[in-house]
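Here is a walk through one protein model, written for someone new to reading structures. Keep the picture open while you read.

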Amino acid sequence: MLLEVKGLKASYGVVPALHSVDFHANAGECVGILGHNGMGKTTLLRAIMGFVKVTGGEVTFDGQSLKGKSIHARARMGMGLVPQGREIFPNLSVEQNLMVGISNENPAAVVQEILALFPRLERLLDRRGGALSGGEQQLLALARCLCARPRLMLLDEPTEGIQPSIIDEIGETLGKLTARGELTIVLVEQNLEFITRLAGRVYAITRGVLDAEIPRASLTDPRAVSEYMGFAA
């Protein structure tokens with residue numbers, strides 16, 4: 001088990017946001033968290049990464065408690081967050097954005113390795129990040145995260161506002177990495193087709209509570225999934 005979340009509670013000031021969340025992710029697995037806006041999906045990822053104050057419960061990564069560990073310490077342990085909105089550096093080139101994620105390796109070699117995963121970015125290396133399309137920015141955000149060699153990627157709404165062809169590229173690339181056991185993913189999504197394609201287990205989150213696992217047979221039925229998420233279809 002690479003990631004274990006037990007009884008996790010988090011809040012923004014005095015406002016509770018997560019209520020005793022429990023789940024785990026094994027090495028090489030993609031676990032999906034499905035939910036509507038405002039239900040706690042992003043808060044869950046940000047609490048695991050250390051951006052949101054945890055008020056109860058525990059998160060362990062590769063057997064080590066994350067209690068008291070800074071965001072940078074978690075990143076050094078092998079955790080990476082690709083946030084909703086991408087948060088690339090708009091005034092830096094694609095190549096410079098990639099370099100930001102590289103620590104103690106040969107930068108040129110790492111960039112070439114990552115470009116092999118995302119060949120669409122190769123012709124864009126000199127272009128400013130802010131000049132890319134939304135889909136290209138999402139590819140860059142994923143590639144930048146992978147430059148740091150994470151073992152765990154926390155991935156927040158990667159298909160939002162993205163054209164179908166790039167969604168397919170993202171799914172294919174991440175699927176290969178998890179299948180080879182090189183990457184574990186916690187995927188937050190609203191795109192039912194994408195999360196079904198990539199995740200081996202999927203949970204619904206409703207008002208800060210992670211509900212029971214959604215049976216895979218139900219994932220092909222939008223009405224059933226809506227009921228799991230507390231909404232009528």
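Glu29 forms a salt bridge with Arg201, and the closest N and O atoms of the two are 2.7 Å apart. Glu29 sits in the loop between β2 and β3 (30-34), while Arg201 belongs to strand β9 (residues 201-206), so the pair ties together parts that are 172 residues apart in sequence. Side chains of opposite charge can pair when their charged atoms come close. In total, the structure holds nine salt bridges. Keep in mind that this is a predicted model.

Now for the sheets. Let's take the one with β9 in it. It's an open sheet of six strands, running in the order β6-β7-β8-β3-β9-β10, and its pairing is mixed. Which strands stand at the edges? Those are β6 (79-82) and β10 (209-213): each has a single partner strand, so one side of each is left without a neighbour in the sheet. If you ignore direction, neighbouring strands here are turned by 20° against each other on average.

Zoom in on β9 and β10, and you'll find an antiparallel pair held over three bridges. Tyr203 stands opposite Glu213 in β10. A helix joins in too: α5 packs on this sheet, where it touches β6 and β7 (152-156), and its direction makes about 170° with that of β6.

There's also an open sheet of four strands, in the order β2-β1-β4-β5, and here the pairing is antiparallel. The edge strands are β2 (15-25) and β5 (64-65); each has a single partner strand, so one side of each is left without a neighbour in the sheet. Further in, strand β1 (residues 3-12) and strand β4 (residues 54-61) pair in the antiparallel sense over six bridges.

On to helices packing against helices. Two packed helices are described by the angle between their axes and the distance between the axes. Here are two such pairs:

| Helix pair | Angle | Axis distance | Handedness of crossing |
|---|---|---|---|
| α4 (residues 107-117) and α5 (residues 134-147) | about 135° | 10 Å | right-handed |
| α5 and α6 (residues 164-179) | about 15° | 10 Å | left-handed |

What does the angle tell you about each pair? Helices α4 and α5 pack at about 135°. That makes α4 oblique to α5. Val110, Ile114 and Leu117 in α4 meet Ala143, Leu146 and Cys147 in α5. Sort the residues of this contact by type and you get six nonpolar, no polar and no charged.

With α5 and α6, the angle is about 15°. The two helices are therefore roughly parallel to each other. On the α5 side, the contact is made by Gly135, Glu136, Gln138, Leu139, Leu142 and Leu146, and on the α6 side by Ile166, Glu169, Ile170 and Leu177.

Technical notes:
Residues numbered from 1 in each chain as written. Predicted model: local features only at pLDDT ≥ 70, side-chain atom pairs only at ≥ 80, totals over all residues. Heavy atoms only, no water. Axes fitted to C-alpha atoms, helices over the stretch in contact; angles between N-to-C directions. Parallel < 35°, antiparallel > 145°, perpendicular 65-115°, else oblique. Left-handed = near helix turned anticlockwise from the far one by under 90°. Contact = heavy atoms within 4.5 Å. Nonpolar A, V, L, I, M, F, W, Y, C, P; charged D, E, K, R; others polar. Pairing = 2+ DSSP bridges. Salt bridge = Lys/Arg side-chain N within 4 Å of Asp/Glu carboxyl O.
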